[in-house]
Amino acid sequence: MPKESREIIITLIAGTSTLLLLGALMISFLFLYRNRHRKLLREREQLKLSYERELLKSQLEIQEQTFRHISQEIHDNIGQMLSLAKLNLSTMDPSLPDNLEQKIIDSKKLVGQAIYDLRNLSHGLSTDYIADMGLVRAIEHELEMVRKSGNYETLFESEGKSYPLDKQRELIIYRILQETVNNIIKHAASQKIIIHLHYSQEELTLSITDNGKGFDLTPLNQDASFGLGIRNMYNRAQLMGAGFKISSTLGHGTSVVLSVPVEAANTRT
Ligand SMILES: Nc1ncnc2c1ncn2[C@@H]1O[C@H](COP(=O)(O)OP(=O)(O)O)[C@@H](O)[C@H]1O
Ligand SMILES: [Mg+2]
């Protein structure tokens with residue numbers, strides 16, 4: 001075979017092989033890209049599902065807590081007032097006009113107070129009350145319940161011009177607050193609960209501090225079965241793109257800080 005033909009054949013083979021190789025590379029690249037894209041979509045879908053699941057759970061937990069408050073309030077306050085009013089009425093003695101008048105006045109007061117408390121309670125029954133009231137008033141409402149149920153000194157400060165976040169995130173923030181306050185009531189043996197909200201352009205920061213006995217955080221990093229409530233709060237914060245930090249000093253109290261970016265890169269879309 002003449003030298004020139006051999007060279008042409010070799011060039012053709014080399015060219016074809018290079019083209020085939022390039023083609024194969026491109027196909028594998030496309031294949032890899034498609035797989036990664038699918039994986040990303042799947043992960044995003046999973047995150048969205050987790051977010052929706054946690055949202056629903058938070059909503060249910062808020063309802064449960066509301067029912068607990070309400071049954072306690074009916075039992076401890078409204079029920080007591082009505083029983084007292086009934087006692088007054090049944091011990092009225094028409095032969096003692098002075099006593100009669102006082103009892104009527106007392107009973108009127110008691111029934112009036114019971115009606116007032118009932119009206120307040122029915123406001124809290126609306127399932128959308130956080131959306132209706134906004135976060136600030138919902139927190140005040142929660143603190144009022146806490147004050148009523150125990151001997152707590154509570155302090156609530158809101159700094160900066162408040163703005164609404166989307167309903168879903170406000171709900172999760174409120175639920176985290178409730179859980180933290182429950183922990184204080186259950187574990188802290190404190191007298192004070194201090195809540196601070198700070199609205200800035202970039203983020204909303206919520207801090208909840210108690211002056212109770214504090215606790216050791218080490219097991220949180222070592223034992224997966226310890227602190228499920230705290231882990232749950234942490235996961236929920238992460239799902240909405242927020243930071244969650246808990247710090248505690250034995251004998252001095254505990255503090256929980258939640259920072260929610262205003263434009264959170266979250267999974268709701
Ligand atoms: N404010 C607090 N003060 C003292 N101890 C706390 C406080 N919050 C949490 N803890 C401790 O951390 C533990 C884990 O809390 P959590 O995850 O909410 O679980 P649970 O409340 O179901 O015990 C509690 O059992 C308690 O020992
Ligand atoms: Mg708990």
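Analyst: Start with handedness. A crossing is left-handed if the near helix is turned anticlockwise from the far one by less than a right angle, and right-handed if clockwise. α5 passes α7 in a left-handed crossing. Helices here are DSSP runs of H or I with at least four residues, strands are E runs of at least two, and both are numbered from the N terminus. This is a predicted model: local features need pLDDT of at least 70, side-chain atom pairs count only at pLDDT 80 or more, and totals for chains, interfaces and linings use all residues. Residues are numbered from 1 along each chain as its sequence is written, with chains lettered from A and ligands numbered from 1 in the order in which they are written.

User: What makes α5 roughly antiparallel to α7?

Analyst: The axes of α5 and α7 cross at roughly 160° and come within 10 Å. Angles over 145 degrees count as roughly antiparallel (under 35 is roughly parallel, 65 to 115 roughly perpendicular, the rest oblique). So α5 is roughly antiparallel to α7. The axes are lines fitted to C-alpha atoms, for helices over the stretch in contact, and angles run from 0 to 180 degrees between N-to-C directions.

User: Why are β1 and β2 said to pair?

Analyst: Two strands pair if DSSP finds at least two bridges between them. β1 (153-159) and β2 (192-199) have seven, in the parallel sense. Therefore they pair. From β1 the chain crosses through α5 to β2, a left-handed β-α-β crossover. For comparison, a right-handed crossover runs clockwise from the first strand over the helix to the second, with the strands pointing away from the viewer.

User: Which strands run antiparallel?

Analyst: β2 and β3 (203-210) do, over seven bridges. Leu197 is bridged to Leu206 in β3, and a hairpin of three residues joins β2 to β3. β4 (243-249) and β5 (253-261) are also antiparallel, with seven bridges. There, Lys245 has Val257 as its bridge partner. Three residues separate β4 from β5 in their hairpin, and Gly251 in the turn has a positive phi of about 85°.

User: What is the shell around ligand 1 made of, by class?

Analyst: Five nonpolar, seven polar and three charged residues. Ala, Val, Leu, Ile, Met, Phe, Trp, Tyr, Cys and Pro count as nonpolar, Asp, Glu, Lys and Arg as charged, and the others, Gly among them, as polar. A residue is near if its C-beta atom, placed from the backbone, lies within 6 Å. Among those that come nearest are Asn183 and His187. α5 gives the largest share of the shell, five residues.
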